Amino acid sequence: MNLVAIVGRPNVGKSTLFNRLVGQRQAIVSDEAGTTRDRQYGKAEWTGREFSVVDTGGWVVNSDDVFEEEIRKQVTLATEEADLVLFLVDVKTGITDLDEQVAAILRRSGSNVMLCANKCDDNMSQYAAAEFYSLGLGDPYPISAATGSGTGDFLDEVLRRLGPDTEANGEDDSIPRISVVGRPNAGKSSLINAFIGEERNIVTDRAGTTRDSILTRYDKFGFDFYLVDTAGIRRKNKVREDLEFYSVMRAIRAIENSDVCILLIDATRGIEAQDLNIVSIIQRNNKSLVVAINKWDIAEDKSQTAITYFENTIRERLAPFTDFPIIFVSALTKQRIYRVLETAKNVYLNRKRRVSTSKLNAEMLPIIEATPPPSIKGKYIKIKYCSQVPDTQIPTFIFYANLPQYVREPYKRFLENKIREKWDFSGTPINIFLRQK
């Protein structure tokens, strides 16, 4: 899936455009406690084509050298990671020194850049957009992110500049895709190198661009899957990146190209806000999850009490989705790394698990009869039948009821938990829908 980044100086309307593109779904905004910087990630859809959008806004802090410390980092990162960079400028303010400096970076990068003149709310302001030709980035595209004016033609142009959707890339879709994601310095590169080892002859590398995740075919020790390798692709010496934003941009790319995500957590630091940020992206994309606690060999306390505390803490932080495996590993000593692969393989099989309609009804209907949905406004809800929908991305179950609109979210979670108790869906999300019988 293509990745589009919105860049520009402060107060040009980046977040407004972001919300316009993703359809005002505020749930995609993830605020980190203690900072005013938002990490915004969402999906946009236009004429049946879907692409990811990242808003790089909220990065300027009160410093004397705002451009050097903040703007340069976000713009350089966006040019390296995104398939298309939307450079937003403000028609009402005109060209500023900051705009010219950002434009200079974009010109030198040779990236796919689309210049967007925002706040064109009337015909006169559209004429004023002509001054942005001097930035040397081609035609300024007049839009109004606030009112939506011009955004239809604008989105047509975005899709044209992204080019044809080449998501398949010729890989075998029947082979699982497993990615290793996590914060910087959690040990992703070490774990991937430990997986691959030195026996490179059995590894088939598919060369990709510096903006794509690289798929590595892993077919030894009885395993056969694509390893979505995001570590070490980007030339880090080019920019002193903000580590949090860098890891989110890279995680988006890896997660969207995988079936199962191995979230690597540093045992010496525990689970942090950035880990939760990555998990939220995994959940939004309906990907399966395995949690690996790395650097366990240097953890101070390796007792069973410490293990139990670690597991409970992680599940509490990642609630309500708590049915996923947790493995304590060391990429350096290769302790339990192959158990990670075995577990990821099992989670992938769980993702593909099918429960026959007869078995599902035989198990679930007595449970529902014993614990029916609570009545609403004196109306009693009766669930008569259930089935699993075939050929879905994740296991999806439909329960047919007389008044499905009155079944609340807690009861759906109750049904999901009962399904998980009866069948092994560990690590994979489940969809529960209520329909009219």
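1. Helices α11 and α12 are oblique to each other; that is the class left over once angles under 35 degrees (roughly parallel), over 145 (roughly antiparallel) and 65 to 115 (roughly perpendicular) are taken out. In this predicted model, α11 spans residues 357-370, α12 spans residues 409-422, and they pack at about 140° with axes 11 Å apart. The axes are lines fitted to C-alpha atoms over the stretch in contact, with angles from 0 to 180 degrees between N-to-C directions. Helices here are DSSP runs of H or I with at least four residues, strands are E runs of at least two, and both are numbered from the N terminus.

2. Who touches whom? On the α11 side there are Glu 363, Met 364, Ile 367 and Ile 368, and these meet Tyr 411, Phe 414, Leu 415, Lys 418, Ile 419 and Lys 422 of α12. Contact means heavy atoms within 4.5 Å. The contact residues split into seven nonpolar, three charged and no polar. For that count, Ala, Val, Leu, Ile, Met, Phe, Trp, Tyr, Cys and Pro are nonpolar, Asp, Glu, Lys and Arg are charged, and the others, Gly among them, are polar.

3. Some bookkeeping. Local features need pLDDT of at least 70 and side-chain atom pairs count only at pLDDT 80 or more, while totals for chains, interfaces and linings use all residues. Residues are numbered from 1 along each chain as its sequence is written, and side-chain values use heavy atoms, with hydrogens and water left out.

4. On to α8 (residues 273-284): its 12 residues reach 17 Å from first C-alpha to last, close to the 16 Å expected at 1.5 Å a residue. The expected span is 1.5 Å times one less than the number of residues. Its buried residues are Gln 274, Asp 275, Asn 277, Ile 278, Val 279, Ser 280, Ile 281 and Ile 282. Buried means under 20% relative accessible area, exposed over 50%, and partly exposed in between (1.4 Å probe, protein chains only). Just after α8, Asn 286 has a positive phi of about 55°.

5. Thr 47, in the loop between β3 (38-46) and β4 (49-55), is not a glycine but has a positive phi of about 50°; it is exposed, at 61% relative accessible area. Lys 334, in the loop between β14 and α10 (337-351), has a positive phi of about 65° and is partly exposed at 41%.

6. Finally, check the cis peptide bond from Ala 319 to Pro 320, with omega near 10°. Pro 320 sits in the loop between α9 (304-318) and β14 (326-328).
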